[in-house]
Amino acid sequence: MTGHILWNDRDVPYEQGETLAQALNRAGITHLGTGLAGQSRSVFCGIGQCQNCLVILEGKGPCEACRVLCADGLAVSPVGTPHD
Amino acid sequence: MTDRRILVVGAGPAGLSAAATLAQAGQRVVVVDQAPQIGGTVYAQNRTGDTRPLSHAKERRALFDVVAAQRERIDIHCSTSFVGLDYQGNALITGADGFLFQPKAVIMATGARELVQPRPGWTLPGVTSVGALQVDLKTAGRPPEGRIAIAGSGSLLYALGAQLTRAGKAPAVIFDAAHPFLHPLATARLPLHILQEATGFILTLIRARVPILSGTRILSVEEKKGALSLKTNHGGRFRTVEVDRLGLHDGLARNDYGLQKNPTIPVIAAGDCRDVLGRFAAVKDGNRVAAEILNLLGTPAPGISLTSLNTEKAAQRRLKSIFAHDGCNDLNDLPDETILCRCENRSVADLKALTATDQTPRMLRLNGRFGMGACQGRFCLDWVAKLTAAEMGSGPSRPQRWPLRPVLIAEILNAADHSGNETHIEESAKCTFR
Amino acid sequence: MSRNLQYDAIIAGAGIIGASIAWHAARKGLKIAIIDASGPAAAASGASDGAVSVATKRPGVMASLARASLSYCADLAEQAQVLNGVFHTRPSYLFARIDAEAEALDRLTAMLTDQGLPVDVMRDGVAEKSSVPGLGESVARVLELSGEGHMLGYEATRAFLEESGAEGHWPCRLDAFEATKDGVILHTSTGEMRADRFVLATGMGTTNLLPDLPLMARSGQLIITDRAVGNDWPDLPGPLTSAAYLLDKTAQALPETLAPVVIDPLATGQLLIGSSREGGGTEEQTDFHMARRILISGVASLPALARRRVIRVFAGVRTATGDGFPIVGELPDMPNVFLATGFEGDGIGLAPLIGREVAGMLTGEGAMAEVNALSPMRFTRQKVASQ
């Protein structure tokens, strides 16, 4: 089974069992957002510990892209920058 | 009121063997794991439907069979997180079907922590831990695109190198800070099963002509035209290598983050979480810790022979000496702008700027912000402790409270409360034994 | 160590109170040492919100002290500069969901007007018209205040210590002290120290030395989120406090969804969510049930809160007294020994003023009447152990 997730309104295909990070990565998206110093957010530890691949799951909140499995129609966007 | 069950956190070799031992002794067990399947990172399987054979398939099968035989007493919850214990001994589990309950004991079997030393450029996209590349390979069933370099130290560099090669994607190069091939005597004295596995890895790499550069460190990583440019140092000879991905690994450490101080119920760590001895020892350590818990609860416990654990311990000591080196980077030589803490964006310069008032374990956290970010210090505190050892003796303190990982407020509130009564948690295991 | 361990005054406790006393006393020319069993801001000063609030104080002496300290904080930030960049004023919001809460807001408005506090009501009305976006349906009314302040306890502690030039000794555990007419001798884990005067600003630690003082720990669960937010996060300009918090100080039982809650935005973009009042406790005593009560109330007030992540939870341990007032002043039967403790969560806001007044006591200049009212003399029949 396959499907699509939405990354900033862009359709990204996935295969069953893939994490958000795996599907995004395969679509050439490694830059998942911007950290405090302007550095890229990207996968680092791969097991949900380092918090470097944090993305926003629409309607749910921040989550680690390396841990969440894709589901059809899931809308994902970069983490917002803090207001200060 | 105490639930009748024992909580096992982590469904890897240590957790599963502990759960099976407890169940065999008549105990009811709840196993939770953050992954969608049991097996831990070592026995992680392809989730995308690819049917190529798994590595360690036989070991995995054997372990799963022991657990499957006790299914009646073991309740497994995958895709869930253990958030922690509060001081009254309540355990909070969040995720697919979260719940709050009071176990009568907890076994922590969450595996080792992977260490990666900070280096200039270690925060760039494409730079990951070796563990991340390995989990990705196992669960996606295919290697990533592009040229891959593996660097740092430890046997995992060779394991990943060989696994990538067998998956059809030999790494471009392996940089090892140590000189593991200069220790034939220690190597010869490794137990046969470790020696066989290591030989297999090395032969695979040699056959695929993967360059292995020992005694070589990565000084810095830069992004150049969409690729990663690595500056390496081999005994004073400097080189630049261009790749697309870099896996970094500087060893494994026990996992001692976030547990409540002086818990009111027995809490014991098992497997690599307690002491990094590898997967063979983890199975045995799971048995041993289960017996320890049974003894603490005053119930009959099986006798556990420690011979094989001691063999693995001796083997790990030898491996450590084989892979010994004087640091993948000299931390003290890191340029000021090197990021130490990604979460709070704290650099070497920020650490140097701290004054005497800041140099207490508490102020290093509060004012220095080291260890205060979302990863809770897992990726910076080891290095901050080393860099501040001269001034403080010890680094910033590690948190000893829940949550063990960041947790959504909605998930804290959605967890069903089973702590106040004897209600059993619904049979909602979502894992399948294959 | 060949240091001369003789001082004009020694202060035990490097929290915000001790640090403020040290800074003020050093400015008066006193030679000061400050000692602490672990280090700066190791207890309540490092585990608290940073509210410098008048609105949440009880009318009377406490509100009057809070008012004086709030104005003085601004002086220390703008003129003396020691709290420059540490103390800020900011808007704050109190909300009511039920009649009892609305009545508390009425009482507060009356107090603010009557006492001529430096805090102004900017707006008071239905939630839909307030300047806080995204409030939950249960919120009926919002009172918006200007002029209240914020400073983080550990930042203020650090600023006072760094600027004081006082000698810091930590880790240095105080085992016992002897008060004589010639001065005070301290027996510490790092040796003997002597001073003309001695101040105990050791919070709950004071009970180890003076077990008969009517001090008790009263802890509160504090919950910290990470910085990460989605697009739907409503920017909070200042702390959002339920009026139940005002009621809680007079110990009224409230249903779970109305538990007192404060949602306090930190400069980092994180939130500090608090806080309960529980008897006893240590910093490690975090409690899922209590934390859930606070969060249920928080999410009902600000639904987007459900999509934030918690990264830290701890119990802030306040040092409370039998009669609800701090203890500040010279001990009746121990000359040259002064106490400054028992602030029960008001220590951050009161520290600047208390530091100034206690420094005045150390030099013999004396203190303002409201502070003299806090003297330990009021516990007339207390027996204070000398060791």
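This is a predicted model: local features need pLDDT of at least 70, side-chain atom pairs count only at pLDDT 80 or more; totals for chains, interfaces and linings use all residues.
**Entry 1. Domains of chain B**

The centres of domain 2 of chain B and domain 3 of chain B are 29 Å apart, taken over C-alpha atoms. Next I noted the bounds. Domain 2 covers 127-250, and domain 3 covers 331-392. Domain 1 is written in pieces: 5-113 + 254-316 + 408-417.

**Entry 2. Chain B against chain C**

How many residues of chain B are in contact with chain C? I found 41 residues of chain B in contact with 41 residues of chain C.

I then looked up the area. The size of an interface is often given as the accessible area lost when the parts come together. Chain B and chain C bury about 3,600 Å² between them. Carbon and sulfur atoms hold 57% of that area.

Then I turned to the polar side. I counted 20 residue pairs in polar contact between chain B and chain C, both residues at pLDDT 80 or more. The count of salt bridges between these chains is 2. One of them joins C:Arg227 to B:Glu344, with the closest N and O atoms 2.7 Å apart.

Which elements of chain B each supply at least two residues of the side that touches chain C? I listed strand E4 (80-85), strand E5 (91-95), helix H10 (361-366), strand E21 (407-408) and helix H12 (409-414). By class, this side of chain B has 20 nonpolar, 11 polar and 10 charged residues.

**Entry 3. A strand pair across the chains**

I went back to E21 of chain B. Which strand of chain C is E21(B) joined to? E21(B) is joined to strand E18 (residues 309-321) of chain C by 2 bridges. The two strands run antiparallel. In this pairing, B:Val407 stands opposite C:Val310 in E18(C).

**Entry 4. Chain C against chain A**

I asked for the contacts here too. I found 12 residues of chain C in contact with 14 residues of chain A. Chain C and chain A bury about 1,100 Å² between them. Of this area, 57% is on carbon and sulfur atoms.

Which residues form the salt bridge? C:Arg309 forms a salt bridge with A:Glu64, and their closest N and O atoms are 3.5 Å apart. Last, I sorted the side of chain C that touches chain A: 4 nonpolar, 3 polar and 5 charged residues.

Note on methods:
Residues are numbered from 1 along each chain as its sequence is written. Chains are lettered from A and ligands numbered from 1 in the order in which they are written. Side-chain values use heavy atoms; hydrogens and water are left out. Domain bounds come from an automatic or database domain assignment. Contact means heavy atoms within 4.5 Å. Buried area is the accessible area (1.4 Å probe) that two parts lose on being put together, summed over both. A salt bridge is a side-chain nitrogen of Lys or Arg within 4 Å of a carboxyl oxygen of Asp or Glu. Ala, Val, Leu, Ile, Met, Phe, Trp, Tyr, Cys and Pro count as nonpolar, Asp, Glu, Lys and Arg as charged, and the others, Gly among them, as polar. A polar contact is a pair of N or O atoms within 3.5 Å; within protein, one must be able to donate a hydrogen and the other to accept it, and residues adjacent in sequence count only if both atoms are side-chain atoms. Helices (H or I, at least four residues) and strands (E, at least two) are DSSP runs, numbered from the N terminus. Two strands pair if DSSP finds at least two bridges between them.
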